[in-house]
Amino acid sequence: MPARTERFDLFMSKPASDSKDSKKMEELVSLCKRRGFIFQSSEIYGGLNGCWDYGPLGVELKKNVKEAWWRDMVTRRTDVVGVDCSILMNARVWEASGHVESFTDPMVDCTYCKARYRADQVVDGKVVDCKQQKCKLTPARQFNLMFKTHVGAMEDSSALTFLRPETCQGIFVNFDNIVSTSRVKVPFGIAQIGKAFRNEINPRNFTFRSREFEQMEMEFFVAPESANEWFEYWKKTRYQWYLDLGLSADRLHLREHAKDELAHYAAGCADVEYDFPFGRAELEGIANRTDYDLKRHAEFSKKNLSYFDQEGNRRFVPF
């Protein structure tokens, strides 16, 4: 696994807690529309839940954030290169990455109102967001969050693929291409900015849990014995980046994940979180993914994705 993963998908870590927070949220959404920052997608047709359009001011703000990130993560560094990978990939990519099997959320149905909810929205047998509180819930079952689609004229299993739920897998499958063509040496990083898609069961909290969003992601590949050192470096570096942008240190947090929170591929993870008026939200995650991704893609593709260190005269799979 690479030493870290950069993300900029603004997901709410917890819902607004009271009516005061909800009112602030409503005021924020209203202000964003009036000022031309963001609109509901397909609004004149009633909208599409979990999808948003950026207006004249919003698109400029978004562009500024992306340019600032790219400038500091790629342009001003000598150890990071960029890519722009396709949204559609061979379906085997998502089998290798574990997304087909395990990229799921627990889901429950309400047999009374016919709505669907994530199981973590249920407290004492009732859905937190339900105003009627007459919930009759089914047992929880797993729901895969990837959007399915078909490539070409046939709509059968041989043509099945997915809209990418994250941008990093395009980086991993191009690892050998980058090493062969760019003369990079470990330690080095590969970065990209692009759209990702997740079929959220119940999108909510404005843009903070949406079905289509943009990620800014960088995978930094290192020798296994230096993974912990680089992990600490990137945690400090990324946290400082937000302070340098002017965010208040009183509202900014670097939260380490507990062991039972870690993804199956991670040896460590920390989130940069910010205290918004409507709740604390994750701005970015930094993870030590070990060599999981490269080894899985090597296994499924039958391609050698190891790295030969000429100075050390050894071959290894980077973390």
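**Ground rules.** I number residues from 1 along each chain as its sequence is written, and I use heavy atoms for side-chain values, leaving out hydrogens and water. Because this is a predicted model, I ask for pLDDT of at least 70 for local features and count side-chain atom pairs only at pLDDT 80 or more, while totals for chains, interfaces and linings use all residues.

**Helix α7.** I began with α7, residues 227–244; helices (H or I, at least four residues) and strands (E, at least two) are DSSP runs, numbered from the N terminus. The expected span is 1.5 Å times one less than the number of residues.

Which residues of α7 are buried? I found Ala 227, Trp 230, Phe 231, Trp 234, Lys 235, Arg 238, Tyr 239, Trp 241 and Tyr 242. Down the axis of α7, these buried residues fall within an arc of 160°, so they line one face of the helix; the arc is that of the directions from the helix axis to the C-beta atoms. On the other side, Glu 229, Lys 236 and Asp 244 are exposed. Buried means under 20% relative accessible area, exposed over 50%, and partly exposed in between (1.4 Å probe, protein chains only).

I then looked at what covers the buried residues of α7, and the cover includes α2 (56–75), β13 and β14 (252–256). Contact here means heavy atoms within 4.5 Å.

**Helix α8.** In α8 (residues 292–301), I noted Tyr 292, Asp 293, Leu 294 and His 297 as buried. Their cover includes α3 (91–96), α5 (168–173), α6 (175–182) and β13 (212–221). Lys 302 follows α8 with a positive phi, near 65°.

**Aromatic rings.** How many aromatic pairs does the structure hold? I got 15. Rings of Phe, Tyr and Trp (its six-membered ring) pair if their centres lie within 6.5 Å; planes under 30 degrees apart count as stacked, over 60 as edge-to-face and the rest as tilted.

One pair I checked is Phe 175 with Phe 221, tilted, at 4.9 Å centre to centre and 50° between the planes. Phe 175 lies in α6 and Phe 221 in β13, so the pair ties together parts that are 46 residues apart in sequence. Phe 175 counts as buried at 1% relative accessibility, and Phe 221 is buried at 0%.

Phe 188 and Phe 221 also form a tilted pair, 5.5 Å centre to centre with 35° between the planes. Phe 172, Phe 175, Phe 188 and Phe 221 form one aromatic cluster.
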